[in-house]
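Q: Please take a close look at a single part of this model. Give the cut-offs for each term as it comes up.

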Amino acid sequence: MTVAVFFGCTFIAFGPAVALFVFTIARDPLRVIFLIAGAFFWLVSLLLSSLVWFITVQISNKNSATQQTGLLIFGVVLSVLLQEAFRYGYYRLLKKANEGLLALSQEDTMPISIRQLAYVSGLGFGFMSGAFSVVNILSDSLGPGTVGIHGDPQHYFISSAFMTLAIILLHMFWGVVFFESCERQRWWALGAVVISHLVVSCVTFVNPHYQGSLIPTYIILSIMAAWAYLCAGGSLRNLKLCLTCKDKDFLLANHRPR
Amino acid sequence: MNTSDSEADSYNERSALVECESPTIPSYNQDHDMSLPQETDTKRRRPVSSGLDEPGPVERERASTPDGEEEELTLKYGAKHVIMLFIPVTLCMVVVVATIKSVSFYTEKTSQRLIYTPFEEDPNSVGQRLLYSLLNTMVMISVIVVMTIILVVLYKYRCYKFIHGWLILSSLMLLFWFSFMYLGEVFKTYNVAMDYPTLAMIIWNFGVVGMICIHWKGPLRLQQAYLIVISALMALIFIKYLPEWSAWVILGAISIYDLIAVLCPKGPLRMLVETAQERNEPIFPALIYSSAMVWMVGMADSSNPDSADERLRNEGGALAQEGVESEDDAAQGGRRRCSAEEDLEEDRGVKLGLGDFIFYSVLVGKAAATGGDWNTTLACFVAILIGLCLTLLLLAIFKKALPALPISITFGLVFYFSTDNLVRPFMDSLAAHQYYI
């Protein structure tokens with residue numbers, strides 16, 4: 001039973017992300033490196049926000065539960081803002097690195113385009129964020145125990161898995177939209193990304209009323225998916241061609257072996 | 001259990017990133033008969049110059065290709081080699097973490113210690129514990145320094161047989177004794193009934209094939225697998241027998257020592273590197289993990305890649321003594337050769353000392369052992385990989401021997417302590433309320 005829950009939740013949470021990794025990223029070493037670097041940047045942002053939270057907790061009243069919850073909420077908001085700040089920092093770093101590489105190689109094309117970098121870095125952020133959110137919960141789901149024995153919600157594991165799935169995919173979409181908006185200097189889009197991240201995080205404050213948190217999260221996920229698709233150059237026409245398998249020539253003509 | 005000195009040598013390896021330096025083809029062919037004694041000294045774990053660029057002869061030939069293509073190729077090969085090092089480092093860490101989490105033997109603290117850490121830490125007194133861990137570190141580091149100096153002296157005076165014997169003894173111990181212990185503990189954990197004859201056969205086969213692969217010839221992948229396994233075994237021994245605080249201080253001290261030994265002009269490892277380069281000896285496979293290297297003698301007629309590949313495979317048998325071959329690199333080289341029409345061509349590879357594997361795995365294993373938190377383990381893992389990436393970047397820039405421990409271990413230590421103390425309470429509180437960031 002516990003093993004089934006463990007595997008089920010693991011596959012729910014990480015299935016699509018791992019599939020994306022295996023099919024699109026694993027073959028290209030440069031993308032793997034940028035994925036891991038993206039994960040590292042997320043980690044550093046988490047470290048900073050934990051540091052600030054830890055300091056505020058130390059100087060606060062440890063006995064007051066409301067104060068602790070308030071500090072935690074503050075920590076969440078700060079963490080979201082820091083994550084987006086580090087995403088921007090990673091974007092600047094990648095731009096600089098790309099320019100440097102371009103200058104060195106004296107070629108017209110860069111080895112990896114900024115859009116691919118957006119996707120890869122978003123997925124890196126997502127992987128790390130998802131892993132940190134859910135891995136401890138998954139390892140607990142293996143061990144002996146009863147869920148919700150003290151009246152806590154029964155659906156803890158599965159809701160965590162679905163939330164993690166949403167967060168990973170959201171990070172990927174946010175990465176794409178973020179980089180695109182930075183490229184095109186559309187600051188309102190940037191703000192929209194940050195605000196949607198804040199909304200997704202704040203909506204989890206109503207947990208364990210999962211219908212209040214999961215449903216808005218998935219709605220935002222679909223909106224961001226569509227937006228990222230449009231940013232990446234997709235359109236309804238492309239979609240139709242792709243689905244009706246009429247786009248072979250189109251794909252072949254645009255295929256760039258890398 | 002007091003471990004013997006031979007064990008000390010096998011983990012005496014310092015880490016360094018090593019370039020696949022290719023001696024020129026003529027010298028390889030000449031020295032083919034003498035490959036065994038050569039191998040012995042090459043087996044010395046040496047941090048040889050690392051770099052991802054090409055040596056002299058090929059540079060001249062490459063001058064014909066446009067610079068942009070060369071940079072592009074360098075970049076692509078750079079990324080490929082980073083991944084070729086990421087994979088074994090990740091595998092080694094995965095083996096160590098999986099063992100630590102499942103087999104409780106390696107996390108049980110006993111009163112037995114290694115002879116290199118003679119002072120026993122008293123958990124009650126912080127000051128005494130700190131002092132004893134510093135003393136343990138000093139003992140360990142001085143043992144390592146002494147061993148390395150003896151190594152350099154032996155190598156300089158060409159006592160190859162002695163070095164060869166020493167290395168064989170240490171790998172014998174790792175492949176037979178430590179793997180027997182490991183297998184015994186795994187069987188105990190999973191309650192598997194095993195009889196001695198079967199066990200003897202398994203260990204015998206495993207050990208003999210390992211000795212052959214590492215010290216003589218064998219398929220590249222098998223040799224790489226064995227090197228990963230012995231690094232993991234060594235790391236597990238360290239995790240078990242090093243006292244808590246001593247282990248962390250030793251990790252820090254080892255990185256500093258590595259930095260000094262490889263970069264200072266009079267550092268023992270640097271002297272080893274330079275002596276090896278002066279003698280123009282091929283790098284040995286036994287105590288250095290190599291990602292890929294293939295030697296190819298160019299063909300005038302580049303129109304039949306099949307026979308080229310076949311020749312490469314035949315040569316691969318002879319080359320396996322070097323322990324490094326990669327068939328798809330051979331094929332790639334074949335294609336490049338066809339396009340460039342060169343006489344000599346070789347593929348790049350990067351080598352990483354086994355000491356690096358061991359100490360990375362010790363860090364991640366200790367992160368996994370202390371507390372049940374997976375976040376700390378993940379954070380250390382990512383930190384070490386990023387450190388390795390940065391080190392390889394520096395390698396590509398500076399093109400000389402570089403220590404691979406300092407950056408990774410520093411990142412690893414910083415992330416271990418900060419994740420354990422700062423991030424863990426934060427994430428635990430978030431998980432308790434099911435808040436997501």
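A: **Nonpolar patch and chain interface**

A:Y229, A:L230, A:L236, A:L239 and A:L243 make up a nonpolar patch on the surface, with about 530 Å² of accessible area together (patch: over 30% relative accessible area and no salt bridge, nonpolar side chains joined within 5 Å, like charges within 9 Å; area: Shrake-Rupley, 1.4 Å probe, only the protein chains shown as cover). Two or more residues of the patch come from each of α7 (210–231) and α8 (236–243) of chain A (helices: DSSP runs of H or I, at least four residues, numbered from the N terminus). α8(A) gives the most, with three residues. A:L230 lies in helix α7 of chain A. A:L230 counts as exposed because its relative accessible area is 52% (exposed: over 50%).

The model is predicted: local features need pLDDT of at least 70 and side-chain atom pairs 80 or more, while totals for chains, interfaces and linings use all residues. Residues are numbered from 1 along each chain as its sequence is written, chains are lettered from A and ligands numbered from 1 in the order written, and side-chain values use heavy atoms, without hydrogens and water.

Turning to the interface, 41 residues of chain B contact 52 residues of chain A (heavy atoms within 4.5 Å). The two chains bury about 4,000 Å² between them, 74% of it on carbon and sulfur atoms (area lost on being put together, 1.4 Å probe, summed over both). B:Q434, B:Y436 and B:I437 supply 22% of the area that chain B buries against chain A, more than any other three residues. α5 (67–102), α15 (374–398) and α16 (405–433) of chain B each give two or more residues to its side that touches chain A; α16(B) gives the most, with 15 residues. Zero salt bridges are found across this interface (Lys or Arg side-chain nitrogen within 4 Å of an Asp or Glu carboxyl oxygen).

Note on methods:
Buried means under 20% relative accessible area, exposed over 50%, partly exposed in between (1.4 Å probe, protein chains only).
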